[in-house]
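Subject: Structure handover and notes

Dear colleague,

I am passing the structure on to you below, and my notes on what was found in it follow directly after. Please read them with the model open beside you.

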Amino acid sequence: MAFLRSVTRWNSFVSKKIHLQSSADINAKFSRSQLLASHRYYNELKRELNTRFNSSIASATTAHKPQPKAGQDGKGVSPKDPLDLSFNNPNAAFKSKTTGELLRAYIVYLLCSSTYLVDNNLKLMKVFKALMGEKLFALMMKQTFYGHFVAGEDRHKIIPTLERLRSFGVKPILDYSVEEDLSQEEAEKREVESISIRLNTARLMIVDRLFGSSDSRSSTSEAPPPPPAATSNNKALPQYTVDKTFADRRFKVSSARTYFYLNEATCERNMEIFIKCLEAVSVYDMKLPKRFDSTGATFGTGITAIKLTALGRPQLLLQMSEVITRTRQYMMELVGGQGNVMTHHKTIKDLEQYYSSISDNKDVKEFLKNITSDKEGILHLFPWSGIVDDNAQLSETFRVPDPKTGQMRRLTSQIPPKEEEMFRNMIRRLNTIAKAAEELDVRIMIDAEQTYFQPAISRITLEMMRKYNKEKAIVFNTYQCYLKEAYNEVCTDLEQAKRQNFFFGAKLVRGAYMEQERARALALGYSDPINPDYEATTQMYHKTLTECLRRIKVLKDQGEEANRIGIMVASHNEDTVRFALQKMDEIGISPEDKVICFGQLLGMCDYITMPLGQSGYSAYKYIPYGPVNEVLPYLSRRAVENKGVLKKIQKEKRLLRTEIIRRLIRGQFFYKPQGKYIPI
């Protein structure tokens, strides 16, 4: 009866779920504390029901528990299959699929091999939709592309997919994959219109403020001599200018989702969707008791993918990215030579000496007082934590003293109150998501985006790590290894995590914007940020991963928590996955250390993901979901991406064909997958 009362309480709670419509609704109806309180109740009730349910059925499930291995405790352990490092075992790759699903996958890969079909896939889907009507079209898609690449229409209908993946040792990364199907003209119009004249002027004034006219709060005197970085450039950095040719950020991008700014209410809805994804990976549907396994485990290690451009105005990230780049230039001049400030080990005393001629200036004293430092040296020019503080003003944060006059200069002009509010809204939304993830004991991975946004995204993400990753890695950053600076960026952030004592989480990917980035750099006249070729990118990936593994090994050898560094190897390249596995074995990092995990997209590279999960490694599938008619742009990208990796398709087709024939010969056409694996 106690259990039934708990279920009643749960149903009552679910019936009162919050549906927010806009920022105004949030302010009018619910405070942040109320939202977080609901999350806390949600989490506490989940734990209570786990305990009560498992207690009530313990005797009934004893017979179904996996038998403990020698040397293990009595809790029961997941079976572990041997791992074939050649990834050529069709049974291991597809034992989680029905024969019908194998046939569907084979047909989908055949279609993806047709250049004509792939190049015109979105047009063809729209034609079929018009001819067949929505219902028949949806049915056809569920039997083909949608059924293969998408888990379901909403977070309730994806449960069977999550259940089955989990029973074969694989965990979810959820992504609600609905996106607007905009024409190129409309996308360009939205992007350009979202840049106010004031904001564009503010960006162009950055150089004048820093390297030209005076910006002292009180002085109106003639401009003093410029600070050291003035010699580097007196024009706006071309990488951070807005060009209509590239206003449609989908240009030459096939594998990454793009959000276009419409209004603040849309950003609020995106926040809600991300939180619903967190809830979906955190809690089981109470109508499915089978979802409670013998250990009471849940999807507590599930992940939700977040794009920062979905939560606010992208041009604010563009402006901040330029400020960060200017700051780096200033600091390189200040410390002398190339490289980030940490590599020079400059102390506060060194900085005080640099400003000694103006040390009596009260503004300079205040500036030096606020420098963020540690026992080894200067970490930042600014207290960057201010960017995730709801009350800080950006235009007052990014100010540096002129080394000759002591007058303070802004790295950005005074930002209008409305735009300051927009930025604070973006940060508030991200904070709300991170707090929900913390409450629900799941993780968020903030995706990488274009290089002209990335400095701001990485800086904000690092500050979120410092704020939320105090006891475990809740927030993960994403590093694109096709960038020439990927290794240096990861090393710098690893060092900051070490010095500032927070858990570091990183997803390593090759990257999604290569063609666009190359074309943009050439058109706007700045240095190409991308590695010269695929081999160089692979070397960068392996070099970066090796450094992360080396630091994990150091932590283990020193008796510290190895999980202070958590890395996801997000790659569809089996050579890279094999390299990671061999390096783990070489330096003594085991799956049980829970510091390295692997991730691939649903419907791609099952021959890598599934054997990893079944052999005891931490494996994830990126799980897209959403209504059929609203995920067509996503399906279009998957078709194009598969066309671009024909070698992988050929291997997957061969393994699929082998497994289908094997089942037919053995009379297993109606094979029903039943996994007993427990994700690590």
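Phe-670 is exposed, with a relative accessible area of 76%, where exposed means over 50% relative accessible area, buried under 20% and partly exposed in between, with a 1.4 Å probe and protein chains only. Before going further, please note that this is a predicted model, in which local features need pLDDT of at least 70 and side-chain atom pairs count only at pLDDT 80 or more, whereas totals for chains, interfaces and linings use all residues. Residues are numbered from 1 along each chain as its sequence is written, and side-chain values use heavy atoms, with hydrogens and water left out.

Phe-670 forms an aromatic pair with Phe-669 that is edge-to-face, at 5.4 Å centre to centre and with 80° between the planes. Rings of Phe, Tyr and Trp (its six-membered ring) are taken as a pair if their centres lie within 6.5 Å, and planes under 30 degrees apart count as stacked, over 60 as edge-to-face and the rest as tilted; a search of the whole structure on this basis finds seven aromatic pairs. Phe-669 is partly exposed, at 38% relative accessible area. Together with Leu-103 and Leu-664, Phe-669 and Phe-670 make a nonpolar surface patch of about 440 Å². Patches are made of residues with over 30% relative accessible area and no salt bridge, like charges being joined within 9 Å and nonpolar side chains (Val, Leu, Ile, Met, Phe, Trp, Tyr) within 5 Å. Leu-103 is found in helix 6 (residues 99-112) and counts as partly exposed, at 33% relative accessibility.

As for the whole protein, its secondary structure comes to 27 helices and twelve strands, which are DSSP runs numbered from the N terminus (H or I and at least four residues for helices, E and at least two for strands). Buried residues make up 56% of the 680 residues, and the accessible surface comes to about 29,500 Å², of which 53% belongs to carbon and sulfur atoms; these areas come from the Shrake-Rupley method with a 1.4 Å probe, and for residues only the protein chains shown count as cover. Among contacts (heavy atoms within 4.5 Å) between residues at least 6 apart in sequence, 80% join residues at least 24 apart.

Turning to charged side chains, the structure holds 30 salt bridges, each being a side-chain nitrogen of Lys or Arg within 4 Å of a carboxyl oxygen of Asp or Glu. One of them joins Arg-428 to Glu-268, with the closest N and O atoms 2.4 Å apart. Arg-428 lies in helix 19 (residues 417-440) and Glu-268 in helix 14 (residues 264-282), so this pair ties together parts that are 160 residues apart in sequence. Arg-428 counts as buried at 14% relative accessibility, and Glu-268 is buried at 0%.

Glu-495, Arg-499, Glu-547, Arg-550 and Arg-551 are linked in a network of salt bridges. Glu-561 and Arg-564 also meet in a salt bridge, at 3.5 Å from N to O, in which Glu-561 is partly exposed at 44% and Arg-564 is buried at 16%. Arg-564 also lies over the face of Phe-503, at 4.3 Å from the ring centre, a charge being placed over a ring if NZ of Lys or CZ of Arg is within 6 Å of the ring centre and within 35 degrees of the ring normal. Arg-520 lies over the face of Tyr-452, at 4.0 Å from the ring centre.

Some loop residues complete these notes. Asp-447, in the loop between strand 7 (443-446) and helix 20 (454-468), is buried at 12% relative accessible area. Leaving aside neighbours within four places in sequence, Asp-447 is in contact with residues including Lys-307, Lys-507 and Tyr-622.

Most residues other than glycine have a negative phi. Lys-594, however, has a positive phi of about 55°; this residue is found in the loop between helix 24 (574-587) and strand 11 (596-601) and is exposed at 57%. Cys-605 likewise has a positive phi, near 55°, but lies in the loop between strand 11 and helix 25 (606-614) and is buried at 3%.
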